[in-house]
Amino acid sequence: MKIKIAIVVILLCASVAGQSKQSIVLGVLEDVPAKFGSAPDVPNFRVVRVVFQKSGNDWHPLPSHCPDEQCLKTISSQFPAEMTWTIAFDGKNLGRVSSRTPKTYDAYAAVGHQEITTKGPLPTVGKRSGDFAGQLDIPVYRPLVANSKPYFEDPDGWKPSSPEPKSIAALREAFRKKYPKLCQISKQGQATLVPLSYRNNDVKVVKAYISKNGWKIARLHLEAIDCEDTEAGFDIDDPWFCMDPQGSTKFFGTGIWLVDAGDYDNDGKSELLFSINRDNRGGYELFYDDFKKHAVYEFSYH
């Protein structure tokens, strides 16, 4: 009897150890306009897009790019067949959702999508809005983080903020350092760019957030064009800068907006998930380790 009990204990311990070693997979619960899917009679439908996987100390993107239609028929084999997710927002658990990977995909922008198998209402925050539409330009629900593990809290406590004048001045100076030369379209002709002389005060803070540890991030805006833009006429995507508690600033991205922050790998520090909104590009970027590292999942719409 003692031998049997010992065997059962060993098996249980091995099972728990095996579960603890399973990779953490991160997805996003998305609201998708029907014209980018296979249900033209339905205005929008919900899916989970599988985007990142934790391996060792780093996050890695799952496959996101297909060069041709043949790839669309086979790439689904590189995604987990079925998943059950914890849906989170703002450090809170919104519920669980199950989903499965289709056999094939019918659009490049659909790579990574899983069909939702959960019955009944799905977690939703707010109303459909153009704020989250990206390149689709059709109102959708806010995307929500989906985690294969029940990790959703935000220990760093990221919240919207209004930076004080000193921080704004530092961020504007960082903007100028990043963009020492900018241009605008000449009044003489749409195809000609001329130098733009701008003041620091012309740079606007569009969005800003602060953590309880004193980290700050901000999205800045100036109507201007990269002087190296040979096509002329495309404004620079709003750049994002971070500021550490000591006041040092660092540029970390453009053409993105914040989806959420949370400790998705349960290591005691929050990751920040951003959505990509660039010309013919969508996807997500995950920043972690105090902005020293990040992973990119990017796809094309056409």
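Which residue in strand 10 is the bridge partner of L182? The partner is L196.

1. Basis of the note. This is a predicted model, in which local features need pLDDT of at least 70 and side-chain atom pairs count only at pLDDT 80 or more, while totals for chains, interfaces and linings use all residues. Residues are numbered from 1 along each chain as its sequence is written, and side-chain values use heavy atoms, with hydrogens and water left out.

2. Overall composition. Of its 302 residues, 43% count as buried (buried means under 20% relative accessible area, exposed over 50%, and partly exposed in between, with a 1.4 Å probe and protein chains only). Among contacts with a separation of 6 or more, 55% are made by residues 24 or more positions apart, a contact being heavy atoms within 4.5 Å. The chain exposes about 16,400 Å², and carbon and sulfur atoms supply 51% of that area; accessible areas come from the Shrake-Rupley method with a 1.4 Å probe, and for residues only the protein chains shown count as cover.

3. Strands in the order 10-9-13 form an open sheet with antiparallel pairing (two strands pair if DSSP finds at least two bridges between them). Strand 10 (193–196) and strand 13 (225–226) are the edges; each has a single partner strand, so one side of each lacks a neighbour in the sheet. Strand 9 (residues 182–185) is joined to strand 10 by four bridges, and I185 stands opposite L193 in strand 10. The antiparallel pairing of strand 9 with strand 13 rests on two bridges, where C183 has I225 as its bridge partner in strand 13.

4. Residue D226. This residue is found in strand 13. Is D226 buried, partly exposed or exposed? Its relative accessible area of 37% makes D226 partly exposed. Not counting residues up to four places away in sequence, D226 touches L182, L193 and I236. The C-alpha atoms of D226 and Y179 are 8.2 Å apart in space, although 47 residues separate the two in sequence.

5. The largest pocket. Its volume is about 960 Å³. On a 1 Å grid over the protein atoms alone, a pocket is an open set of points with protein on both sides within 12 Å along at least five of seven lines, whereas a cavity is a set where a 1.4 Å probe fits but cannot get out; lining residues have an atom within 4 Å of a point. Grid points are joined across faces, edges and corners, and a volume is the space filled by probe spheres set on the points. Of the 38 lining residues, R219, W240, I256, W257 and L258 are the closest to the pocket's centre. Strand 16 gives the largest share of the lining, six residues.

6. The cavity. How many cavities of 30 Å³ or more does a search of the whole structure find? The search finds one, and the largest cavity holds about 300 Å³ of space. Its lining comprises 24 residues, of which E30, F132, L136, Y284 and Y301 are the closest to its centre. Strand 1 (25–33), strand 17 and strand 18 each supply at least two lining residues, and the largest share, four residues, comes from strand 1.

7. Residue T118. T118 lies in the loop between strand 6 (113–116) and strand 7 (144–147). It counts as partly exposed, at 26% relative accessibility. Leaving aside neighbours within four places in sequence, T118 is in contact with R96, V97 and S98. The C-alpha atoms of T118 and V97 are separated by 5.8 Å.
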